[in-house]
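Colleague: I would like to learn how to read strands, sheets and helices in a model. Could we go through it one feature at a time?

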Amino acid sequence: MSIDYPRNYDVIVIGAGHAGCEAALACARMGCRTLVLTANIDTIGLMSCNPSVGGVGKGHLVKEIDALGGEMALAADHSAIQFRRLNTRKGAAVQATRIQADRQLYRAYMKSALEAQKNLDIKQRMAEGFLVKGGAVCGVKTTLGEHFYSAAVVVTPGTFPNGLIHIGPTKISSGRAGEAAAVGISDSFGSLGFKMGRLKTGTPPRFDGRTIDWSALEPQPGDENPKPFSFWTDSIEREQLPCYITYTNEKTHRVITDNLHKSPLYSGEIKGVGPRYCPSIEDKVVKFRDKERHQIFLEPEGLSTYEIYPNGISTSLPLEVQYELVRTIDGLSGVEIMRPGYAVEYDYVDPTQLRPTLETKLVDNLYFAGQVNGTTGYEEAASQGLMAGVNAALRVRGEDPFVLDRSEAYLGILIDDLVTKGVDEPYRMFTSRAEYRLLLREDNADMRLSEKGYAIGLLSGERYEKVRAKKTAAEEELLRLESVKITPDTRANEILLSLGSSTIKKPQSLKEILRRPEISYSSLALLPGGESAPRLSEDVLTQIEMEVKYEGYIKRQTEQIEKFRKVENLGIPEDFSYDDIPGLSKEIIQKLSRVRPGSLGQASRISGITPAAISVLMVYLKRGDMERETPDQSFSS
């Protein structure tokens with residue numbers, strides 16, 4: 001017997017992990033009456049694996065979520081117990097932020113954010129399937145027989161669809177330790193006709209910090225002056241904790257090799273494909289036999305717990321073998337395991353069945369986000385959740401969809417890669433995936449995206465005004481740097497030499513001086529005329545230095561983007577037929593027909609689509625545009 005819930009919603013979000021939280025908050029903030037269905041309210045925003053946020057590529061995504069009006073960076077700042085800027089000796093494009101979080105503080109913050117959000121209801125229910133009418137989703141049914149109705153549904157089930165945990169020979173039907181798998185929702189994907197696959201991820205054992213010999217380990221402190229993750233956080237006041245570094249060794253590797261037959265990864269029990277860039281310790285030892293040791297970061301789980309996360313030794317070996325291998329490691333000879341490591345297999349949906357809005361092609365108004373699309377990581381999940389939520393809200397409001405292209409954001413790269421190329425292993429974001437990464441830096445995410453977030457109703461006016469003021473201050477100071485000239489007198493040249501720079505023989509602007517690699521913005525104040533600099537925030541100064549020092553590269557990438565857009569913006573109708581185009585092979589026709597790219601640029605990124613095929617397609621698309629633009633002359637006199 002089914003029970004119809006009396007209240008209708010604009011959007012229902014299934015799941016309250018990182019994708020679900022961002023999706024729900026986005027919909028509610030954009031004025032939609034939103035319902036979150038989660039199997040356990042106490043695990044809203046829970047960090048299932050590593051208690052950290054950010055990293056190279058991942059930190060860029062978090063900054064972009066923040067710039068648009070999302071919540072992840074604010075939650076990270078609230079719960080951070082260590083901040084680290086990565087790649088500070090490398091170029092600006094690959095510098096990134098990473099924080100170590102107090103797991104429980106992060107979860108509590110995100111739960112509170114959802115509970116306090118206007119237009120948002122939360123119910124502890126297990127979703128079992130979808131209500132579909134006329135090819136469009138119209139609601140969700142739960143395992144309790146309830147029917148909740150809505151105009152759109154966002155699905156963010158994480159690793160729960162048919163989740164199966166492996167610890168040695170032991171198998172447990174579960175999406176996360178201690179929580180039941182979602183079988184019904186997975187079956188519903190198949191019944192709707194979605195092509196599905198199987199992936200795998202894993203987590204390491206957790207240690208009791210009181211049983212670790214910390215004196216034998218190398219400490220890794222955080223930044224002395226931590227810079228907030230969010231553009232909207234003023235300062236960080238919370239106590240910072242160190243992490244520690246240790247290494248596996250020959251004895252560790254021998255224990256693993258001797259027990260490899262007990263690993264479900266190598267016994268054939270696990271069928272799903274695991275993440276290439278976050279392999280288990282078994283995989284590391286097998287695939288990198290020449291390496292004498294592997295680094296392990298011992299990371300605190302929080303301020304009020306002794307639990308330690310050993311980053312780098314994810315494993316699904318039997319518990320007794322886990323004990324044996326970790327106790328061969330320096331500092332861990334007497335360590336106690338509080339939670340065993342395990343691998344988890346789960347179902348995912350082929351993301352090429354999605355539009356760039358993350359709406360499915362098979363069922364209208366149904367959106368997928370997170371690990372169900374074949375990604376790995378909190379940041380990738382939250383990014384998709386935000387974009388799916390935004391587009392669901394826009395659909396409900398009857399407005400145009402919101403899609404970011406590859407030249408605008410890592411968010412655009414992530415989604416374009418998924419819906420165009422699909423996945424054959426869990427997808428992880430890297431800066432190397434960005435063609436225009438110098439323009440897509442962490443530091444300028446607010447300048448790139450906040451206006452867009454404000455325009456769609458996600459970012460508040462107060463925060464948008466802060467970005468506008470920052471932009472104005474940077475523009476005014478850049479004009480001043482161009483206008484102030486330094487003459488080649490003795491004093492100016494002596495100062496330049498003292499700064500490790502060469503002398504000048506003709507007048508140069510402060511901007512030209514700042515372009516030199518060895519000159520910082522603060523150094524300009526030492527030069528005649530440089531004393532008149534206004535008091536500016538660190539964020540504004542960062543923008544100014546980046547714009548000046550990388551001006552030539554930025555100009556070149558901007559020109560490349562203009563060329564890219566000429567191809568990218570040539571749209572392909574969704575019902576376009578490739579069958580009758582001479583010059584396209586059957587294989588290429590099949591690939592184009594399966595993915596249904598929305599533009600020529602997207603078509604060009606499909607694996608196996610040749611430049612020659614793109615040229616042929618371009619001719620036909622342009623011919624079609626001309627025919628549509630030419631008025632019908634058949635009735636003219």
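This is a predicted model: local features need pLDDT of at least 70, side-chain atom pairs count only at pLDDT 80 or more; totals for chains, interfaces and linings use all residues.

Colleague: What counts as a helix or a strand, and when do two strands pair?

Modeller: Helices (H or I, at least four residues) and strands (E, at least two) are DSSP runs, numbered from the N terminus. Two strands pair if DSSP finds at least two bridges between them. Here, five strands form an open sheet in the order β13-β12-β11-β21-β14, with antiparallel pairing. Its edge strands are β13 (179-180) and β14, each of which pairs on one side only.

Colleague: How many bridges join β14 to β21?

Modeller: Eight bridges join β14 (residues 196-203) to β21, and the two run antiparallel. Within this pairing, Leu199 stands opposite Tyr346 and Lys200 stands opposite Glu345. On β21 there is also a pairing with β11 (residues 164-167), again antiparallel, through three bridges. Ile165 has Val344 as its bridge partner there.

Colleague: Are the residues of β21 buried or exposed?

Modeller: Buried means under 20% relative accessible area, exposed over 50%, and partly exposed in between (1.4 Å probe, protein chains only). In β21 (residues 342-349), eight of the eight residues are buried. Both faces are covered: Tyr342, Val344, Tyr346 and Tyr348 lie on one side, and Ala343, Glu345, Asp347 and Val349 on the other.

Colleague: What is the strand order in the six-stranded sheet?

Modeller: Six strands form an open sheet in the order β16-β17-β18-β19-β15-β20, and the pairing is antiparallel. The edge strands are β16 (218-220) and β20 (337-339), each pairing on one side only. Neighbouring strands of this sheet are turned by 35 degrees against each other on average, direction ignored. For such angles, axes are lines fitted to C-alpha atoms, for helices over the stretch in contact, and angles run from 0 to 180 degrees between N-to-C directions.

Colleague: Which residue takes a positive phi in the hairpin of β8 and β9?

Modeller: That is Gly134, with a phi near 60 degrees, in a hairpin that has two residues between the strands. The antiparallel strands β8 (residues 127-133) and β9 are joined by six bridges, and Gly129 has Lys141 as its bridge partner in β9. A further hairpin is formed by β9 and β10, with three residues between them, and Gly145 in its turn has a positive phi of about 85 degrees. Five of the seven residues of β9 (residues 136-142) are buried, so β9 is largely enclosed by the rest of the structure.

Colleague: How should I describe two packed helices?

Modeller: Two packed helices are described by the angle between their axes and the distance between the axes. The axes of α2 and α3 (residues 72-79) come within 7 Å and cross at roughly 110 degrees. Angles under 35 degrees count as roughly parallel, over 145 as roughly antiparallel, 65 to 115 as roughly perpendicular and the rest as oblique. The pair α2 and α3 is therefore roughly perpendicular. Val62, Ile65 and Asp66 of α2 and Met72, Ala73 and Leu74 of α3 make the contact, where contact means heavy atoms within 4.5 Å.

Colleague: Where does Thr34 lie?

Modeller: Thr34 lies in strand β3 (residues 34-38) and is buried, with a relative accessible area of 0%. Not counting residues up to four places away in sequence, Thr34 touches several residues, including Tyr9, Cys27 and Asp121.

Conventions:
Residues are numbered from 1 along each chain as its sequence is written. Side-chain values use heavy atoms; hydrogens and water are left out.
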